[in-house]
Amino acid sequence: MAHPVVELTSEASWNLIEDKFSPYGKETLAKLVAFLQDEILPAVKLAHAQIPKDPVQRWKTVVPVIEELKVKARKLGLWNLFLSKAHYPEHGVPLSNVEYAVMAEILGRGGHMASEAVNCSAPDTGNMEVLARYGSPEQQQKWLIPLLNGEIRSSFSMTERFVSSSDARNIRTSIKREGDEIVINGHKWWISGAGDPRTKLHLVMGKSDPENSNKYRQQSVVIVPADAPGVKVIRPMEVFGYDDAPEGHCEVIYDNVRVPLSNLVLGWGRGFEIIQGRLGPGRIHHCMRSIGAASAALDLMISRVTNPTRKTFDKYLYEHGTVIADIAKSRAEIESSRLLVLSAALQIDKYKAKGALKEIGIAKFVVPAMACGVVDRAMQAYGAEGLSQDQELASMFAQLRTLRLADGPDAVHIQQVGQRELKRAPALAKRAAELEKREAAVLQKAGIKSHL
């Protein structure tokens, strides 16, 4: 009997990785598929309805149905699935990155609320990994444990207004030591989660040693309580008109904020080390969720074009050649992207994130663009309705388009992957020279004169 995940992914990809799954992984995946279909998807519209339209109240709301889903998920053991025991023995669950990658795809079908329901939503996932990997025992007890329990939420504060933040060396937020305190001054924006009433901490990255000759040792990361004096949430930013309340992506000013010296994470000048460790696995999570979203969009497209009430120019929509081609392209792109990300997840399992930089980098610029294209085709099939609030496609597109900028624009990842490829040039030249010698020897032995 086929595993229930096959219905939502593909038989071929499952056959490729089934032997990578432990019995626990298979059982957990099956429970997650059922939880998505039986509990999460039926509650999506209710969750949206429970967020007030009032511009003040929507930022003070904890969505009741999501809290109910969290209780159910935890009872089922569907909790903190992203945190692998192999990397975090004290806090993790016995799942590999490959196993969680498939689960993240399933969660991607339910939008942001699906991940939140099982305590696997950004930015908390990355922040929990930072605290689990780099946090002191005191920091873990105060901040990590409540995050793992789903009692609080968090923000990661890096991107800055008036600064080209795609190059993190440009960050200007000041982090200075004054006696037993750290003083933070800076102007950030697009800080996810900063609007949430449950958010209790910001992990803030800034410059602590701007004169250091090593530009990658100038930055540090510090824990800032969300209610610390001087933390000012200015406004929620909107993505194509969506404010993503109650979490939001906010503009935040840190005005002479003071925190204890013990709030420094890992050590002075370790900021880049921290964000590199944070961003690797997290982007794979985003990529797999994006594949799930793209798969859901393709399902919607197929349902639309096969609706017998929908005809244009005396043909059903699915009888038009362009529609069929769009469906085929979408399926091909989803399948190839899934294999790309699974290979990255496998590399992370074997060599950790640093050993999978090439695969992670490729996935970062390939997958979100792919998903945007699939959703765009689905919107086209729906016509004007596909752009409206009556369908989830427009919101889905806005979230996916954001990923092509989040944690670095496509161009940065493309540049890094291209530079990595160029490092192969000396080895390729050596191989070509050796081949040329062997070719010359073969030609000479055959009595044929080479014209090269």
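This report walks through a predicted protein model, from its overall build to a few of its residues.

## About the model

Because the model is predicted, local features need pLDDT of at least 70 and side-chain atom pairs count only at pLDDT 80 or more, while totals for chains, interfaces and linings use all residues. Residues are numbered from 1 along each chain as its sequence is written, and side-chain values use heavy atoms, with hydrogens and water left out.

## The overall build

Let's start with the whole protein. It contains 13 helices and nine strands; these are DSSP runs numbered from the N terminus, with helices being H or I of at least four residues and strands being E of at least two. The protein's radius of gyration is 24 Å, close to the 22 Å that the globule rule gives for 452 residues, so it is as compact as a globular protein of that length. Here the radius is taken over C-alpha atoms, and the rule is 2.2 Å times the number of residues to the power 0.38. Along the principal axes, the C-alpha atoms fill a box of roughly 85 × 65 × 45 Å.

Of the 452 residues, 50% are buried, a word that stands for under 20% relative accessible area (1.4 Å probe, protein chains only). Contacts (heavy atoms within 4.5 Å) also tell us something: among those between residues at least 6 apart in sequence, 73% join residues at least 24 apart.

## Strands side by side

Glu-178 stands opposite Glu-181 in β3.

β3 has another partner, strand β7 (residues 249-260), and this antiparallel pairing runs over nine bridges. Within it, Gly-186 stands opposite Tyr-254 in β7.

## Two residues to look up

Where is Ser-115 found? Ser-115 sits in helix α5 (residues 111-117), and it is buried, with a relative accessible area of 2%. Leaving aside neighbours within four places in sequence, Ser-115 is in contact with Leu-107, Cys-120, Ser-121 and Arg-289.

Gly-135 lies in the loop between α6 (124-134) and α7 (137-148). At 14% relative accessibility, Gly-135 counts as buried. Not counting residues up to four places away in sequence, Gly-135 touches Val-130 and Gln-140. Between Gly-135 and Val-33 there are 33 Å in space, C-alpha to C-alpha, and the two are 102 residues apart in sequence.

Conventions:
Two strands pair if DSSP finds at least two bridges between them.
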